[in-house]
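Please read these comments with the model open beside you.

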Amino acid sequence: MTKRVHRPREDAEFDFILGMSGVPVLAYFTGTWPKAIESCRVMDLVVGGIADDYTGRLTVVRADITRCPAATERYGITGAPSCVLLKEGEAVAHGTGPMTTAEVRKFLDGPTS
């Protein structure tokens, strides 16, 4: 995965990244249980490409549900992979399940345009 994707180790680091971002944030939540692993690996590739394509316009954060439980609860995450688009700290869009690059672009560009 690209270095442009932040990988917080805990909720405090997740919140710090959000607080430091001056642009919208794509918070991508992953899981490590067997049913989530394959879908999350596919999304890792998609999200990594998105992070590269949206450099300077979007902060991308890949949060493990087990490492960031407060953020997971705060944004109503119930499964992995899940994405939340945050604008000024507020969730403006939610998506659950694996998405293609085109679907993620539509997810990002729709609410912010």
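1. Basis. This is a predicted model, in which local features need pLDDT of at least 70, side-chain atom pairs count only at pLDDT 80 or more, and totals for chains, interfaces and linings use all residues. Residues are numbered from 1 along each chain as its sequence is written, and side-chain values use heavy atoms, with hydrogens and water left out.

2. Buried means under 20% relative accessible area, with exposed over 50% and partly exposed in between (1.4 Å probe, protein chains only). Helices (H or I, at least four residues) and strands (E, at least two) are DSSP runs, numbered from the N terminus.

3. Pairing of β4. Two strands pair if DSSP finds at least two bridges between them. β4 pairs with β2 (residues 25-30) in the antiparallel sense, over 5 bridges. Here Val-25 has Leu-86 as its bridge partner. β4 is also joined to β5 (residues 90-96), again antiparallel, by 6 bridges. In that pair, Ser-82 stands opposite Thr-96.

4. The hairpin. β4 and β5 have 2 residues between them. Check Glu-88 there: its phi is positive, near 55°.

5. Cysteines. How many disulfides are there? The count is 0, taking a disulfide as a pair of cysteine sulfur atoms within 2.5 Å. For Cys-40, the nearest cysteine sulfur is that of Cys-83, 9.6 Å away. Cys-83 is likewise in no disulfide, and its nearest cysteine sulfur is that of Cys-40. Cys-40 is buried, at 2% relative accessible area. Cys-83 is buried too, at 1%.

6. The core. The largest nonpolar core holds 36 residues. Such a core is a set of buried Ala, Val, Leu, Ile, Met, Phe, Trp, Tyr and Cys residues joined through side-chain atoms within 4.5 Å. Phe-14, Leu-26, Phe-29 and Leu-108 touch the most other members. Elements giving two or more residues include α1 (11-20), β3 (59-64) and α4 (101-112). Helix α2 gives the most, with 7 residues.

7. Phe-29. Which residues does Phe-29 contact, leaving aside neighbours within four places in sequence? Among them are Phe-14, Ala-63, Tyr-75, Pro-81, Ser-82 and Val-84. Contact means heavy atoms within 4.5 Å.

8. Asp-44. This residue is found in helix α2. Asp-44 is buried, with a relative accessible area of 16%. Its side chain makes a polar contact of 2.8 Å with that of Arg-62. A polar contact is a pair of N or O atoms within 3.5 Å; within protein, one must be able to donate a hydrogen and the other to accept it, and residues adjacent in sequence count only if both atoms are side-chain atoms.
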